Amino acid sequence: MKHILKILALLVAISAFWIGLLQASVIPESYTWLLPLYFIVSLGCYGVLMVGVGLMQFPTCPQEALLLHQDILEARDFLKNKGVDVGSN
C-alpha cells in the first residue's frame, strides 16, 4: 500500500508541475505538451538501465544451488517411489 501511495504522490506532484508550467507559460506551449512523452521515455530508459545494472550485479549463490540440487534429488526419489517415470538423470 505504501508503494501505491508513493506512486500516486509522485504522479500528483508531476501533474501539478506540468499544469504549473502550462499556466505560467515559462516554457513554450509546444514543448510543454511534450513533457509527459519525455517523462515516459525517461522512465523507460531508467527501467532498462536498472534491469541492466541488476543483471550485471546478479549474485551467484553456490550454496543455494546445492540445496536446490538436493531438493531435485529428493523430489525424483519421491516420484520414483510413487511409480512416476522421471528419466535417467
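1. The expected span of a helix is 1.5 Å times one less than its number of residues. Helix α1, in this predicted model, has 23 residues, and its first and last C-alpha atoms lie 33 Å apart, close to the expected 33 Å. Helix α4 can be checked in the same way: its 20 residues, 62-81, should span 28 Å, and the end C-alpha atoms are 29 Å apart, which agrees.

2. The surface carries a nonpolar patch with about 1200 Å² of accessible area together. Its members are Met1, Ile4, Leu5, Ile7, Leu8, Leu11, Phe39, Ile40, Leu43, Tyr46, Leu49 and Met50. The elements giving two or more residues to the patch are α1 (2-24) and α3 (35-56). The largest share, six residues, comes from α3.

3. Phe39 is one of the patch residues and is found in helix α3. Its relative accessible area is 31%. Phe39 therefore counts as partly exposed, since that class lies between the 20% limit for buried and the 50% limit for exposed. Patch membership requires over 30% relative accessible area, a cut-off to keep in view when reading the 31% of Phe39.

4. The UniProt record, an unreviewed entry, annotates residues 34-56 as "transmembrane region". In the model, the chain over residues 34-56 is 96% helix and 0% strand. The end C-alpha atoms of this stretch are 33 Å apart. The annotation may be inferred rather than shown by experiment.

5. Val12 lies in helix α1. At 57% relative accessibility, Val12 counts as exposed, because the cut-off for that class is over 50%. Val12 and Asp85 are separated by 73 residues in sequence, and their C-alpha atoms are 57 Å apart in space.

6. On the cysteines: a disulfide is a covalent bond between the sulfur atoms of two cysteines. A search of the whole structure finds zero disulfides. Cys45 has a relative accessible area of 51% and is exposed. Cys61, at 42%, is partly exposed. The 51% of Cys45 is to be read against a cut-off of over 50% for exposed.

Terms used
Residues numbered from 1 in each chain as written. Predicted model: local features only at pLDDT ≥ 70, side-chain atom pairs only at ≥ 80, totals over all residues. Heavy atoms only, no water. Patch = residues over 30% accessible without salt bridge, like charges linked within 9 Å, V, L, I, M, F, W, Y side chains within 5 Å. Areas by Shrake-Rupley, 256 points an atom, 1.4 Å probe, with all protein chains shown as cover. Salt bridge = Lys/Arg side-chain N within 4 Å of Asp/Glu carboxyl O. Helix = DSSP H or I, 4+ residues; strand = E, 2+ residues; numbered from the N terminus. Buried < 20%, exposed > 50% of the residue type's maximum accessible area, 1.4 Å probe, protein only. Disulfide = S-S within 2.5 Å.
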